[in-house]
Amino acid sequence: MTSTPTLAPYKAEFLQASIEGGVLKFGQFELKSKRVSPYFFNAGNFYRADLLRAISTAFAKTIIEASSPIAVTPLEFDIVFGPAYKGIALAVTTVDKLAHLEPERFGKICYSFDRKEKKDHGEGGNIVGAPLRGKRVLIVDDVVTDGTAKREAIEKIRNEGGIVVGIVVALDRMETLVAPGGQELEDKTSAIGAIRREYGIPVLAILTLDDIIWGLRQNGKEEDIRSMEEYRAKYKASY
Ligand SMILES: O=P(O)(O)OC[C@H]1O[C@H](OP(=O)(O)OP(=O)(O)O)[C@H](O)[C@@H]1O
Ligand SMILES: O=C(O)c1cc(=O)[nH]c(=O)[nH]1
């Protein structure tokens, strides 16, 4: 069984803020897939200034790392796009944080997000923020469950003439896909792996299930560690 030997300080800080802020909870939760999980990451709970700062810092640092000129394939983008609703705050605050941390490179980076329902009066349309046509777009969001919301975002961006260059999520749950009816599949592919293959784009995460288990081992409860390890052994994807 794999486990992260250590975490970058910004990831460890993000993990700690997520637990302390009640964003990452342990117990029993039914997922969108109908699977019962011993943990749940509710990005809707990042509503307090200090927590928002923790998540935007973690997104910005993950993006800065991936776009470093010394990375194998540096991520290059013009716009950070957050799918409605929870992605909106993530995109806006991440752009602000990128510009703050690296003003030379990211001082003019833009944000954009979609409306869930098209607006047919005033300025109209279904995109708010920077126009996407001809621009390289990086999607940020909380988690990937089955990938439906990410596929919809990709289609919307492409329909507006944007070029999707990658996705960064807060958490990679590292688990296998589930059939629409909730049945387990023989195939051990993850939703993130399926998106990577289908669109040929990088999908990065600030934290993974392995990271959370590593963090719990430092100062978590024995029973949480046990149920998380059992869950990982049962559902871990092969990617
Ligand atoms: O479908 P996936 O790509 O696997 O992602 C699952 C998404 O679904 C939820 O958001 P939802 O689309 O319900 O919108 P919300 O932000 O308004 O809650 C959740 O917060 C994820 O972002
Ligand atoms: O699978 C889900 O429904 C899901 C899991 C999770 O950890 N967070 C979330 O918002 N949704």
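A residue counts as near a molecule if its C-beta atom, placed from the backbone, lies within 6 Å of it. The model is predicted: local features need pLDDT of at least 70, side-chain atom pairs count only at pLDDT 80 or more, and totals for chains, interfaces and linings use all residues. Residues are numbered from 1 along each chain as its sequence is written, while chains are lettered from A and ligands numbered from 1 in the order in which they are written.

**View 1. The surroundings of ligand 2**. Leu31, Lys32, Ser33, Phe40, Phe41, Asn42, Asp142, Val143 and Thr145 surround ligand 2. Two or more residues of this shell come from each of strand E2 (36–41) and E6; strands (E, at least two residues) and helices (H or I, at least four) are DSSP runs, numbered from the N terminus. By class, the shell has four nonpolar, three polar and two charged residues (nonpolar: Ala, Val, Leu, Ile, Met, Phe, Trp, Tyr, Cys and Pro; charged: Asp, Glu, Lys and Arg; polar: the others, Gly among them).

**View 2. The surroundings of ligand 1**. Ligand 1 has 14 residues around it, the closest being Tyr85, Lys86, Thr145, Thr148 and Ala149. Strand E6 (136–143) and helix H5 (148–159) each give two or more residues to this shell. Six of the shell residues are nonpolar, three polar and five charged.

**View 3. Ser67 in its loop**. Ser67 lies between helix H2 (49–66) and strand E3 (79–82). Ser67 is partly exposed because 19 other C-beta atoms lie within 10 Å (20 or more would be buried, 12 or fewer exposed; C-beta atoms are placed from the backbone). Leaving aside residues up to four places away in sequence, Ser67 touches Pro74, Leu75 and Glu76 (contact: C-beta atoms, placed from the backbone, within 7 Å).

Methods. Contact = placed C-beta atoms within 7 Å.
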